[in-house]
Amino acid sequence: MAKKQRCQFKNNGDNACSSAAMRIVGDCPHCESHFCGQHRLPEQHACVNLESCKAAAFEKNREKLEGERTVSSKLVSV
């Protein structure tokens with residue numbers, strides 16, 4: 001049986017988290033690391049790709065909002 005993956009969070013080089021990494025939700029899609037429930041969010045484990053993650057989310061949201069923009073119709077005066 002394979003060993004359980006451990007959380008890859010390191011606290012400024014002092015102590016590493018020894019908790020078991022969560023399956024699926026503990027995998028960070030930005031830095032490709034595995035984390036426990038406490039460190040699974042990018043903000044919690046100081047993800048190295050946090051800024052690019054925020055920029056991509058901002059761009060995706062901007063495109064969605066621009067696609068839903070309401071344009072007033074022009075009325076024809078008779």
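Author: Let us begin with Glu-59, which is partly exposed because its relative accessible area is 29%, a value that falls between the limits of under 20% for buried and over 50% for exposed. Please keep in mind that this is a predicted model. The side chain of Glu-59 meets that of Arg-62 in a salt bridge, with a distance of 2.3 Å from N to O. Both residues belong to helix α1, and because they are 3 residues apart there, about one helical turn separates them. Arg-62 is itself partly exposed, since its relative accessible area is 32%.

Arg-62 also forms a salt bridge with Glu-66, where the closest N and O atoms are 3.0 Å apart. These two residues lie in helix α1 as well, 4 residues apart, which is again about one turn of the helix. Glu-66 has a relative accessibility of 41%, and therefore counts as partly exposed. Through shared partners, the salt bridges join Glu-59, Arg-62 and Glu-66 into one network. The structure holds 2 salt bridges, and the general idea behind such pairs is that side chains of opposite charge can pair when their charged atoms come close.

For a contrast in setting, you may turn to the loop between β2 and α1, where Met-22 is placed. Met-22 makes a nonpolar surface patch of about 300 Å² together with Ile-24 and Val-25. Gly-26 is found in that loop too, but it counts as buried because its relative accessibility is 0%.

Technical notes
Residues numbered from 1 in each chain as written. Predicted model: local features only at pLDDT ≥ 70, side-chain atom pairs only at ≥ 80, totals over all residues. Heavy atoms only, no water. Buried < 20%, exposed > 50% of the residue type's maximum accessible area, 1.4 Å probe, protein only. Patch = residues over 30% accessible without salt bridge, like charges linked within 9 Å, V, L, I, M, F, W, Y side chains within 5 Å. Areas by Shrake-Rupley, 256 points an atom, 1.4 Å probe, with all protein chains shown as cover. Salt bridge = Lys/Arg side-chain N within 4 Å of Asp/Glu carboxyl O.
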